Amino acid sequence: MRLVFAGTPEVAVPALDALIASDRHEVVAVVTRPDAPAGRGRRLVASPVAERAEEAGIEVLKPVKPRDEDFLARLREIAPDCCPVVAYGALLPQVALDVPSHGWVNLHFSLLPAWRGAAPVQHAVLAGDEITGATTFQIERGLDSGPVYGVLTEEVRPTDTSGDLLTRLAFAGSGLLVATMDGIEDGSLKPVPQPAEGVTLAPKIEVADARIDWTAPALRVDRVVRGCAPAPGAWTVFRGERLKVMAAAPVAGYDGSALPAGELAVTKKSVHVGTGSHPVRLLWVQPQGKKPMQAADWARGVRIADGEQLGD
């Protein structure tokens, strides 16, 4: 099939690479978000998908909105058979969905209908799911509600961050997306409607959602730290300034298990914080305006006094 691939961030690149490598399909163009300011100089930078497509000599389309007439006219000229999508980041209007003969097919990083929305992997980690996966489905006007072509499952490991899990799903999902294109092309795959039961939503995780509640159990604190890594990053407050908690670990059987919620306990090599259950050990932190550092180094530098706390 003639394909127009839609995607923007780094997580979409493995799927683009897999489709380019396929001997049954041709990626004739890529749709991605417009160049965005990045870095200290706020210089406009192309998306990872745009950079990869340009390296491969593939036409790149960067509509401000996918309902722009110039974009729609070019899409009709290209006349793709199907448009595979991975984390494109913009709402597709019906007029665009109607262009390819086999529609737009999304690779979504959850087992639909669970975790429909922008942040399925983060919500899976936050919820403590033991199994998640990826799904290919036909895009329709509803939120991730279209009929399903294929699924794969992936274990959520006890120490997984959202970044760890998303990386594995991106590479495993690229194979699923190619297999879905193959099945659509030869007629062996037909989409199956999603069940009405089991729908959960996964809205974008905002910075406010990543604030640690030290009165919560250690298990919940651990999930927030892992679920919000690498972005937006779990955080708390120390001496009136924001402190990112980049890595932490629950500590069962710690001899200071009566440590009050939020209170710090420091030794030469470790930093513990009280929670609503047993303490967690801080591993890596990032003070406001500084680079990430090991928690023990941070604690030595700020000279934590007895009874000092994180949070309010």
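Alanine 87 lies in the loop between strand E6 and helix H4 (94-97), where helices (H or I, at least four residues) and strands (E, at least two) are DSSP runs numbered from the N terminus. The phi angle of alanine 87 is near 50°, a positive value in a residue other than glycine. With a relative accessibility of 34%, alanine 87 counts as partly exposed; under 20% relative accessible area is termed buried, over 50% exposed, and anything in between partly exposed (1.4 Å probe, protein chains only). The model is a predicted one, in which local features need pLDDT of at least 70 and side-chain atom pairs count only at pLDDT 80 or more, while totals for chains, interfaces and linings use all residues. Residues are numbered from 1 along each chain as its sequence is written, and side-chain values use heavy atoms, with hydrogens and water left out.

A positive phi is also found at alanine 79, where the angle is near 55° in a residue other than glycine. Alanine 79 is placed in the loop between helix H3 and strand E6 (83-86). Its relative accessibility is 41%, so alanine 79 is classed as partly exposed.

Two cis peptide bonds were also examined. The bond from leucine 112 to proline 113 is cis, with omega near 15°, and proline 113 is located in the loop between strand E7 (104-108) and helix H5 (120-127). The bond from alanine 231 to proline 232 is likewise cis, with omega near 0°. Proline 232 belongs to the loop between helix H7 and strand E10 (235-238).

Charged side chains were considered next. The structure holds 14 salt bridges, a salt bridge being a side-chain nitrogen of Lys or Arg within 4 Å of a carboxyl oxygen of Asp or Glu. One of them joins glutamate 185 and arginine 24, with an N to O distance of 2.7 Å. This pair links distant parts of the chain, as glutamate 185 is in helix H6 and arginine 24 is in the loop between helix H1 (13-21) and strand E2 (26-31), 161 residues apart. Glutamate 185 is partly exposed at 40% relative accessibility, and arginine 24 is partly exposed with a relative accessible area of 36%.

Other salt bridges lie within a single helix. Glutamate 77 and arginine 74 form one in which the closest N and O atoms are 3.0 Å apart. Both residues lie in helix H3 (residues 69-78), 3 residues apart, about one turn of the helix. Glutamate 77 is exposed, with a relative accessible area of 57%, whereas arginine 74 counts as partly exposed at 29%. In helix H8 (residues 295-302), aspartate 297 and arginine 300 are also 3 residues apart, about one turn of the helix. Their side chains meet in a salt bridge with an N to O distance of 2.2 Å. Aspartate 297 is partly exposed at 38% relative accessibility, and arginine 300 is partly exposed with a relative accessible area of 49%. Elsewhere, salt bridges that share partners join Arg24, Asp182, Glu185 and Asp186 into one network.

Histidine 25 is found in the loop between helix H1 and strand E2. This residue is buried, with a relative accessible area of 7%. The side chain of histidine 25 makes a polar contact of 2.7 Å with the side chain of aspartate 182. A polar contact is a pair of N or O atoms within 3.5 Å; within protein, one must be able to donate a hydrogen and the other to accept it, and residues adjacent in sequence count only if both atoms are side-chain atoms. The side chain of histidine 25 also reaches the backbone nitrogen of methionine 1 at 3.1 Å. Apart from neighbours within four places in sequence, histidine 25 is in contact (heavy atoms within 4.5 Å) with Met1, Leu3, Leu19, Val178, Met181, Asp182 and Glu185.

On the surface, Leu143, Val199 and Leu201 form a nonpolar patch with about 270 Å² of accessible area together. Patches are made of residues with over 30% relative accessible area and no salt bridge, like charges being joined within 9 Å and nonpolar side chains (Val, Leu, Ile, Met, Phe, Trp, Tyr) within 5 Å. Accessible areas come from the Shrake-Rupley method with a 1.4 Å probe, and for residues only the protein chains shown count as cover. Valine 199 is situated in the loop between helix H6 (162-186) and helix H7 (218-227), and is partly exposed with a relative accessible area of 36%.
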